[in-house]
Amino acid sequence: MKGGVLAVTAIGIGALFQLIVPDPYMDEIFHIPQTEAYMRGELTVWDPKITTPPTLYLIASVFAWPLSLTGLPIVMILRGFNQVLHLAFFAICTSLLPHTPAAAYSLYLFPTLYFFSYLFYTDILSTLLVLAALSLTWRPRPKFAISAAVFGVAVTVRQTNIVWAFFCITSHLLTLAAHAHAAVGQKPILTLAKEVWRSVWQDCVAFLLLGVLSVSFALWNDGIVLGDKSNHQTCPHLAQLVYFFAFFTLMAPGYALSAGPCHMRTPLRSLCLAGASGGVASLCLLYFRYAHLFILSDNRHFTFYLWRRVFNTPLVWLCVLPLSIVGVLTAWRSIQGSPLRKLLFLVCTGLSIATSPLIEFRYYTIPFLLLYVDPLLAPKSYPTWTHSLHVLWYCCINLVTIALFLWNPFLAPDGSVGRFMW
């Protein structure tokens with residue numbers, strides 16, 4: 001019943017997208033023709049402007065080909081495919097969080113994910129696969145080999161997903177190390193060493209193979225980006241981490257408010273963490289802040305206006321920096337486990353988003369998802385009201401962003417119609 005309501009809503013909003021924007025828009029002009037080529041059996045055709053591997057287009061072509069025989073527009077079919085994937089994402093969320101349905105709804109409605117579910121982008125399939133792979137290791141009886149296989153597919157949708165495979169298996173190794181340390185003195189050292197080695201080998205060998213394949217591809221390809229390499233050069237864009245944690249605060253205000261009393265109970269530790277994060281963030285903003293040509297010139301994205309009016313002005317110190325410090329404090333409470341695992345998350349987030357000069361909030365989706373879900377798997381979690389607040393907050397954001405996209409177009413200098421989007 002609940003899924004049915006979401007499906008009906010998705011169909012209605014998807015119909016509006018198709019009615020008002022029937023032609024491929026933004027990156028769809030690359031994704032949709034590539035999928036159509038695969039539908040025609042032209043598997044050697046490749047658009048050099050596409051930066052990600054072809055798995056999305058291969059899977060979507062299988063889905064779309066029989067439906068295309070009905071005469072339905074291919075744009076509508078492929079956007080509908082993403083909506084189906086988004087509902088599958090919701091199904092995984094509900095199975096993971098059976099006792100907190102509001103959290104599952106808030107994840108489904110998360111603005112960057114929700115918006116791009118109505119366009120044919122890689123984000124939905126990428127996020128779905130990463131969550132599915134992680135969920136296989138969060139079970140009472142984890143399935144690490146299957147998880148590695150799912151991560152393998154996720155990497156062929158978006159290359160940076162290898163970082164989250166690394167986070168997954170390294171988190172497990174930290175857990176094994178903690179259990180082994182606790183067992184010292186209770187079992188003979190040799191017996192304990194054999195048990196640990198057996199667990200490491202059984203659980204990690206598939207991830208090791210995935211890592212070797214990914215590194216080999218990057219070396220062969222001279223980087224992880226497939227096409228349009230000149231516009232997607234890597235750089236140490238550490239200011240992305242500052243933007244991300246500010247984004248986390250704004251997108252999870254319930255978590256920030258709920259974490260406040262916890263920090264008050266440990267004021268000295270919280271002050272030290274706030275001071276350290278503020279100092280590091282300041283250095284990142286001073287020396288590692290970049291503006292990609294697309295950010296400076298493409299006025300269809302919200303980040304174009306944020307750069308001009310916030311990120312590249314004194315407001316970055318007055319607004320973004322404090323929000324980022326709050327985000328770090330909240331994230332430190334949200335990520336479960338030892339301080340090493342918390343630092344591991346920070347490193348992986350940096351590897352995922354801080355190597356790109358492009359500021360795109362949709363790239364923040366997976367690290368945000370981890371920060372949101374990880375505390376919900378612990379015995380003591382955030383209260384239900386935080387998720388209810390987020391559902392309302394996300395509905396408001398989605399209403400504004402979708403309305404801006406659909407009903408507030410503008411005329412670009414080249415005569416084309418531009419639309420505001422994430």
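Predicted model: local features only at pLDDT ≥ 70, side-chain atom pairs only at ≥ 80, totals over all residues.
Residues are numbered from 1 along each chain as its sequence is written, and side-chain values use heavy atoms, with hydrogens and water left out.

Let's begin with helix α2, residues 28-39. Helices here are DSSP runs of H or I with at least four residues, numbered from the N terminus. The expected span of a helix is 1.5 Å times one less than its number of residues. For the 12 residues of α2 that gives 16 Å, and the end C-alpha atoms are 16 Å apart, which agrees.

Which residues of α2 are buried? They are Glu28, His31, Ile32, Gln34, Thr35, Ala37, Tyr38 and Met39. By buried I mean under 20% relative accessible area, while exposed is over 50% and partly exposed is in between, using a 1.4 Å probe and protein chains only. The cover over these α2 residues includes α3 (55-68) and α4 (74-96). After α2 comes Gly41, with a positive phi near 85°.

Is His181 buried or exposed? It counts as exposed, because its relative accessibility is 65%. His181 and Leu192 lie 11 residues apart in sequence, with 9.7 Å between their C-alpha atoms.

Now for helix packing. Two packed helices are described by the angle between their axes and the distance between the axes. Here the axes are lines fitted to C-alpha atoms over the stretch in contact, and angles run from 0 to 180 degrees between N-to-C directions.

Take α11 (residues 239-251) and α16 (residues 315-334): their axes cross at roughly 75° and come within 7 Å. That pair is therefore roughly perpendicular, a label for 65 to 115 degrees; under 35 is roughly parallel, over 145 roughly antiparallel, and the rest oblique. Contact means heavy atoms within 4.5 Å, and the residues that meet include Phe245 in α11 and Val320 in α16. By class, this contact has 12 nonpolar, five polar and no charged residues. Nonpolar covers Ala, Val, Leu, Ile, Met, Phe, Trp, Tyr, Cys and Pro; charged covers Asp, Glu, Lys and Arg; the others, Gly among them, are polar.

α11 also packs on α12 (residues 253-265), at about 90° with axes 5 Å apart. In that contact, Phe248, Thr249, Leu250 and Met251 of α11 meet Pro253, Tyr255 and Ala256 of α12.

Leaving out residues up to four places away in sequence, Ser258 touches Arg333, Tyr382, Pro383, Trp385 and Thr386.

Finally, how many disulfides are there? The count is zero, where a disulfide is a pair of cysteine sulfur atoms within 2.5 Å. The sulfur of Cys284 is 12 Å from its closest cysteine sulfur, in Cys235, so it is too far for a bond. For Cys395 the closest is in Cys396, at 7.0 Å, again too far.

Conventions:
Helix = DSSP H or I, 4+ residues; strand = E, 2+ residues; numbered from the N terminus.
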